[in-house]
Amino acid sequence: MLICSGFTQALSLITQALPRPVVAIEDPGLPGREAVIAAAGGTHLPIPVDTEGARVDALAAGHAHAVVVTPAHHFPLGVAMAPGRRERLLAWAAGNGRLIVEDDYDAEFRYDRQPLGALHGLAPDHVAYVGTTSKTLSPALRLAWIVLPPHLVGPVCDAKQHHDVASGIVEQLALARLIESGVYERHLRRLRRLYRHRRDTLLAALHRHLPSARVTGAAAGLHLMLALPGNADPQRVADIAARDGLALTPLDRYRLHAPAPGGAQLVLGYGNIAAAAIPEAAQRLRRAVVAAGRD
Ligand SMILES: Cc1ncc(COP(=O)(O)O)c(C=O)c1O
């Protein structure tokens, strides 16, 4: 296992360790991955995502050497990769000598479903597993870990050595102390309760104030998807809500390609809002949706 400075550096190091790779990435997905891949000497290839996760048929039709996926909880759609899809993805990697980069960015937060086993456990020679403390402690800490297939340990460790030698040792020692003392586990249990409560409060408030909006992707993580009622334009809703002090992100902001029609969705994060403030925020959201519908 290699400790590095966040998932972002993990992606950079893995790309550097492969010879000028084509790296497939989920579309929609976390912004900025394409720039990280380009800076590390690779090329990105967007692959679509549906309700079963990343589309392996689209991957198989391309020429990617590696793919970055969020199989346990897609970001931002919130879907878990279907069992058949997981199998096909592993077969794609094993059959072609390709690499899967498993971004398990919020594994600690599951509410209504059992945690899914990591892909890495099923194919350790073809999967680089990346975990991060960005959701459990703070994105400011810049601490993550990569469990690598054996053939990549040398090249990725070399890339890390050339890049910044090592991630902050003091922070690593502090994290080790937290884990050994049991404090980290207690912290995670407390966070799970806290975020579940926020999630439940948000679902109840949306049900009350926007009953015709459809919620998906709420079973895990720190965000959910909201499909707006009628023809509301998510960007227009976000602009109006911003003037009312509410920050919202349209799903299209996370897309690399032009949006598909009918995808009027907002990504609602609840990692950074107190439960007590959620009902008022939902009312502001309703006001913005109503105002956007009037234009
Ligand atoms: C999909 C996804 N992957 C990874 C991360 C974490 O990236 P990093 O470890 O570089 O902060 C995030 C955000 O926290 C994310 O949303």
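I take a polar contact as a pair of N or O atoms within 3.5 Å; within protein, one must be able to donate a hydrogen and the other to accept it, and residues adjacent in sequence count only if both atoms are side-chain atoms. By that rule, the side chain of Asp244 makes a polar contact with the side chain of Arg287, at 3.0 Å.

**Ground rules**

I am working on a predicted model, in which local features need pLDDT of at least 70 and side-chain atom pairs count only at pLDDT 80 or more, while totals for chains, interfaces and linings use all residues. I number residues from 1 along each chain as its sequence is written, and side-chain values use heavy atoms, with hydrogens and water left out.

**Entry: the whole chain**

I listed ten helices and twelve strands in the protein chain. Helices (H or I, at least four residues) and strands (E, at least two) are DSSP runs, numbered from the N terminus. The C-alpha trace spans about 60 × 50 × 35 Å along its principal axes.

I used "buried" for under 20% relative accessible area, "exposed" for over 50%, and "partly exposed" for values in between (1.4 Å probe, protein chains only). Buried residues make up 48% of the 295 in the chain. Accessible areas come from the Shrake-Rupley method with a 1.4 Å probe; for residues, only the protein chains shown count as cover. The chain exposes about 13800 Å², of which carbon and sulfur atoms supply 56%.

**Entry: the cores**

I define a nonpolar core as a set of buried Ala, Val, Leu, Ile, Met, Phe, Trp, Tyr and Cys residues joined through side-chain atoms within 4.5 Å. The largest has 32 residues, and those with the most contacts inside it are Leu206, Leu226, Val237, Leu248, Leu268 and Leu285. At least two residues of this core come from each of helix H8 (183–209), strand E10 (223–227), helix H9 (234–243), strand E12 (265–269) and helix H10 (278–294). H10 gives the largest share, eight residues. Apart from this core lies another of 25 residues, among them Ile37, Val68, Val130 and Ile146.

I checked Val237 for contacts, meaning heavy atoms within 4.5 Å. Not counting residues up to four places away in sequence, Val237 touches Leu228, Ala232, Leu248, Leu266, Leu285, Ala288, Val289 and Ala292.

**Entry: Asp244**

I found Asp244 in the loop between H9 and strand E11 (249–250). Asp244 is partly exposed, with a relative accessible area of 28%. Beyond its neighbours within four places in sequence, Asp244 is in contact with Arg284 and Arg287. The C-alpha atoms of Asp244 and Leu285 are separated by 9.0 Å, although these residues are 41 apart along the chain.

**Entry: the ligand**

Which residues are around the ligand? With a cut-off of one heavy atom within 4 Å, I get Gly6, Phe7, Thr8, Leu30, Phe75, Asp103, Tyr105, Thr132, Ser134, Lys135 and Arg142. A backbone N or O atom of Phe7 lies 2.7 Å from an oxygen atom of the ligand. For Thr132, a polar side-chain atom lies 2.8 Å from a ligand oxygen atom. An N or O atom in the side chain of Arg142 is 2.8 Å from an oxygen atom of the ligand. Taken alone the ligand exposes 400 Å², and the protein buries 90% of that.

I also looked at the backbone of Arg142, which has a positive phi of about 55 degrees although it is not a glycine. Arg142 lies in the loop between strand E7 (127–132) and strand E8 (144–147), and counts as partly exposed at 32% relative accessibility.

**Entry: the loop from E5 to H4**

I placed His74 in the loop between strand E5 (66–69) and helix H4 (83–96). His74 is buried, with a relative accessible area of 1%. Setting aside residues up to four places away in sequence, His74 touches Glu26, Pro28, Val49, Val79, Tyr105 and His223. Pro76 is found in the loop between E5 and H4, and a cis peptide bond with omega of about 5 degrees joins Phe75 and Pro76. I noted another cis peptide bond from Asp27 to Pro28, with omega near 10 degrees.
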